[in-house]
Amino acid sequence: MTVPASIHQPAATTEAISALPAEAREVLLRELGALYTELDAVIAAANPLCRTSGDCCQFAKYGHRLYATKAEALYFALRRGWPQEVFEKDACPYLHDNRCTARNARPLGCRVFFCDPAWRGKGEDLTERFLKRIGALSERLGIERDYRPFLEHLDTFRTSQVPAGDNGEASWPS
């Protein structure tokens, strides 16, 4: 699947990213990446049902909001980029044909959310556990916690008028 060109642009930095020293960016990528890998393994072992409906990314339709820390938003920007055009806040701008076009860079909230009724409560528990660790990493790197809707973070980056990073991720079912 081809991702529309308007979704992201070639590598560059925003004020928020460039304010983070290069060494801290490397630590963020390495350590938050390792934390996400650990989380993904915990989730895989639990094997929650995913219908690949894309409902999880249809925020208004499903009646939920995706929150993320600033560290997660910076990680996302460094790994994947952000929309360059205005986007609706009722769905993730990286959802195309019920596939996530930013799967490897997605924040904690995306990783723990499943429509599976048997999963209810487990995602929340993992969120609390891993948010503590993300908070500690943020503090160590001097990144403010700034926990708010993820799309607000993306919109802040978008309005900075600076092109986003891209690691060439393939699309994955949502």
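Reader: How is the angle between two packed helices defined here?

Author: The angle then runs from 0 to 180 degrees between the N-to-C directions. This model is predicted. In it, helix H2 (residues 22-46) packs with helix H6 (residues 122-141) at an angle of about 170°. Their axes are 11 Å apart.

Reader: Are H2 and H6 roughly parallel or roughly antiparallel?

Author: Angles over 145 degrees count as roughly antiparallel. H2 and H6 are therefore roughly antiparallel to each other.

Reader: Which residues make the contact?

Author: On H2, they include Ala24, Val27, Leu28, Glu31, Leu32 and Leu35. On H6, they include Leu126, Arg129, Phe130, Arg133, Ile134 and Leu137. Look at the spacing. In an α-helix there are 3.6 residues a turn, so residues three or four places apart point the same way.

Reader: How do the residues of that contact divide by class?

Author: There are 13 nonpolar and five charged residues, and no polar ones.

Reader: Now the pockets. What is the volume of the largest pocket?

Author: About 840 Å³. Its lining counts 46 residues. Nearest the centre of the pocket lie Gly109, Cys110, Arg111, Val112 and Phe113.

Reader: Which elements give two or more residues to the lining?

Author: H2, helix H4 (70-79), helix H5 (108-112) and H6 do. H5 gives the largest share, five residues. By class, the lining of the largest pocket has 26 nonpolar, 11 charged and nine polar residues.

Reader: Take H4. Is that helix mostly covered or mostly open?

Author: Buried means under 20% relative accessible area. By that cut-off, eight of the 10 residues of H4 are buried, and the helix is mostly covered. After H4 comes Gly81, with a positive phi near 100°.

Reader: Where is Gln84 found?

Author: In the loop between H4 and strand E2 (95-96). Gln84 is partly exposed, at 22% relative accessible area. Its C-alpha atom is separated by 5.4 Å from that of Arg158, 74 residues apart along the chain.

Reader: How many helices and strands does the protein chain have?

Author: Seven helices and five strands. From the N terminus, their order is α-α-α-β-α-β-β-α-α-β-α-β. Of the 174 residues, 46% are buried. Among contacts with a separation of 6 or more, 87% join residues 24 or more positions apart.

Terms used
Residues are numbered from 1 along each chain as its sequence is written. This is a predicted model: local features need pLDDT of at least 70, side-chain atom pairs count only at pLDDT 80 or more; totals for chains, interfaces and linings use all residues. Side-chain values use heavy atoms; hydrogens and water are left out. Helices (H or I, at least four residues) and strands (E, at least two) are DSSP runs, numbered from the N terminus. Angles under 35 degrees count as roughly parallel, over 145 as roughly antiparallel, 65 to 115 as roughly perpendicular and the rest as oblique. Contact means heavy atoms within 4.5 Å. Ala, Val, Leu, Ile, Met, Phe, Trp, Tyr, Cys and Pro count as nonpolar, Asp, Glu, Lys and Arg as charged, and the others, Gly among them, as polar. On a 1 Å grid over the protein atoms alone, a cavity is a set of points where a 1.4 Å probe fits but cannot get out, and a pocket is an open set with protein on both sides within 12 Å along at least five of seven lines; lining residues have an atom within 4 Å of a point. Grid points are joined across faces, edges and corners, and a volume is the space filled by probe spheres set on the points. Buried means under 20% relative accessible area, exposed over 50%, partly exposed in between (1.4 Å probe, protein chains only).
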